[in-house]
Each structure stands twice: as C-alpha cells, then as structure tokens.
Amino acid sequence: MMMQEQVREGTAGAILFDAAASPQVDDDWFAPDYWRERGALRTQAGGRGGVAIVDTPTGECVLRHYRRGGLVAKWMGDRYLWIGAERSRGFAEFRLLADMIRQGLPVPGVVAARYRRHGLFYTADLMTRRVPDASTLAECLAAGKFDGELAELVGALVARFHRVGIWHADLNAHNILVTATELYLIDFDRGKLRRPAEGWRLANLQRLRRSLIKLGAATQGETVFEEQLWKPLLYRYELSFGTSDGGLL
C-alpha cells in the first residue's frame with residue numbers, strides 16, 4: 001500500500017501521518033494513558049526516549065516522546081527551539097523514514113509524527129510500526145549470539161544505508177534489530193541524507209565499534225574482537241558498499 005502523507009493542523013501544533021495506515025490519527029494517539037485506559041499499552045520504558053509499545057487500530061506500534069540527552073537535558077528536558085515544522089524532530093524523522101521506505105531500506109514503517117508549540121519551543125513525538133520478533137544487536141551480544149556471520153550481516157546492513165547517503169546520528173548496537181530473516185536500523189532522530197564520503201562513513205562505523213566494545217564485545221581481548229568480529233564486519237561492509245581498496249580495514 002502506497003503511503004498517503006497528510007498533515008492535520010491544530011491550534012497548538014500539527015500531526016503528520018500516513019492516511020493509508022489510519023485516517024483517524026489525533027492527539028490521543030500520542031498519549032500513553034489513552035492506550036493504557038483501553039488496555040492497549042503493552043510496555044512503557046523510561047529513559048531519554050520515553051518509549052511505549054501500543055496496540056493501535058493499524059497494528060502494534062512504538063510510540064516515542066523526544067527528550068534531550070546530555071547536560072542540556074537538565075534545563076531543556078523535552079523542549080526544542082522552534083525553527084519550523086519541517087525541521088521539528090518528529091516531522092524530520094518521519095520524512096527521512098518515509099524516503100528510506102520508498103527506497104526499500106529495512107527500517108520500521110512510519111505511522112505518525114506530532115509537534116506541539118510552547119512559545120519559542122516545541123515538544124515532539126513519533127509513532128512507528130513495531131518490528132515483530134526482533135532482538136537488538138546489544139541483546140544478541142549479551143546472549144553470546146554475536147559471531148562472525150552476524151557481524152558480516154551487520155556490515156552489509158550499514159553499507160546499504162551509507163551507499164545511498166543515509167547518515168545515522170547514533171549508530172550503536174541498541175539501534176540495530178535482528179530478526180530471523182532481516183536486520184533493521186531504527187531511531188533516525190537527527191539522521192540526515194548526505195553525499196557519500198569516506199570521512200563520515202568511517203566516523204559512523206567507529207561509533208558502532210565503540211558501542212560494541214563498551215557492551216563487552218572485546219572481553220576476550222581486542223585482538224580477538226578485531227579478528228573474529230570487526231574485520232568480518234568491515235569486509236562485508238566494503239564488499240556491499242563497493243569499496244575495493246580495503247581503505248577502512
């Protein structure tokens with residue numbers, strides 16, 4: 001089914017949604033309590049994202065409220081400076097996800113995004129389809145299931161996005177989903193479409209490498225990690241991207 005993007009404007013903000021998924025998206029869809037009262041709130045996690053899994057009329061979805069991280073979170077919390085609807089966090093991620101879906105990239109289906117104005121600031125939310133029966137790469141690592149074969153699949157996955165210029169702002173093991181048949185990238189907040197260049201591609205890969213090491217991928221030593229996991233990942237990345245000079249190795 002082709003996506004039908006529509007915008008519903010209100011006095012305090014606007015909702016961008018896929019009318020093909022549901023023509024009835026309103027502010028209630030972005031309130032966990034609304035789903036809880038209907039027995040449709042599956043889980044809700046705290047943390048920076050404020051993520052909830054809800055059973056909607058269009059299927060099981062992930063609802064995320066945008067919150068700042070780092071030191072600025074202490075005084076800004078979930079507020080962002082208003083610089084226009086299309087540059088709001090939810091709308092920008094919705095548009096990027098929609099473009100990637102049209103290109104056939106493995107990302108969650110996008111359902112709706114919202115912003116609400118608060119003077120010079122705004123808050124934002126995003127709803128995407130939940131990828132069923134998926135584990136994060138971090139969970140695979142913790143369960144001892146991250147091996148050279150899976151590392152190669154991860155390398156091929158990242159290469160698919162880099163090849164078309166998709167830069168992931170937070171490429172880490174928590175944002176890679178693994179299912180029995182496919183790998184997915186999630187959480188494209190602040191992601192961008194860029195002209196492919198080795199500098200940002202390498203920086204993106206190094207961010208993933210740091211994440212894996214932080215989560216314990218190198219507990220048997222960095223040499224073992226390099227030989228058994230990182231080199232297979234980069235080998236498949238370069239093969240899939242089309243690099244032939246081995247420059248990233």
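Is Asp55 buried, partly exposed or exposed? Asp55 is partly exposed, with a relative accessible area of 31%; here buried means under 20% relative accessible area, exposed means over 50%, and partly exposed lies in between (1.4 Å probe, protein chains only). Welcome to a predicted model, in which local features need pLDDT of at least 70, side-chain atom pairs count only at pLDDT 80 or more, and totals for chains, interfaces and linings use all residues. Residues are numbered from 1 along each chain as its sequence is written, and side-chain values use heavy atoms, with hydrogens and water left out.

**View 1. Asp55 and its partner Arg42.** Asp55 forms a salt bridge with Arg42, and their closest N and O atoms are 3.8 Å apart. A salt bridge is a side-chain nitrogen of Lys or Arg within 4 Å of a carboxyl oxygen of Asp or Glu. The pair links distant parts of the chain, with Asp55 in strand S4 (residues 51–56) and Arg42 in strand S3 (residues 41–44), 13 residues apart. Helices (H or I, at least four residues) and strands (E, at least two) are DSSP runs, numbered from the N terminus. In total, the structure holds 19 salt bridges.

**View 2. Arg36 and Asp33 in helix H1.** In this view, a salt bridge joins the side chains of Arg36 and Asp33 (2.2 Å, N to O). Because they are three residues apart in helix H1 (residues 32–37), Arg36 and Asp33 are separated by about one helical turn. Arg36 is partly exposed at 41% relative accessible area, and Asp33 is partly exposed at 46%.

View 3. The side chains of Arg114 and Asp125 meet in a salt bridge of 3.0 Å, N to O. Strand S7 (residues 110–118) holds Arg114 and strand S8 (residues 121–129) holds Asp125, so to speak of distant parts of the chain is to speak of partners 11 residues apart. Arg114 counts as buried at 11% relative accessibility, as does Asp125 at 3%. Elsewhere, salt bridges that share partners join Glu5, Glu86, Arg95 and Arg102 into one network.

**View 4. Asn172 in its loop.** Asn172 lies in the loop between strand S10 (166–167) and strand S11 (176–178), and is buried, with a relative accessible area of 10%. Its side chain makes a polar contact with the side chain of Asp170 (3.0 Å). A polar contact is a pair of N or O atoms within 3.5 Å; within protein, one must be able to donate a hydrogen and the other to accept it, and residues adjacent in sequence count only if both atoms are side-chain atoms. A polar atom of the Asn172 side chain also lies 2.7 Å from the backbone nitrogen of His174. Leaving aside neighbours within four places in sequence, Asn172 is in contact (heavy atoms within 4.5 Å) with Leu208 and Ser211.

**View 5. Leu208 and the largest nonpolar core.** The largest nonpolar core has 50 residues, and Leu208 is one of those with the most contacts inside it. Such a core is a set of buried Ala, Val, Leu, Ile, Met, Phe, Trp, Tyr and Cys residues joined through side-chain atoms within 4.5 Å. Not counting residues up to four places away in sequence, Leu208 touches several residues, among them Val154, Val158, Trp230 and Leu233.
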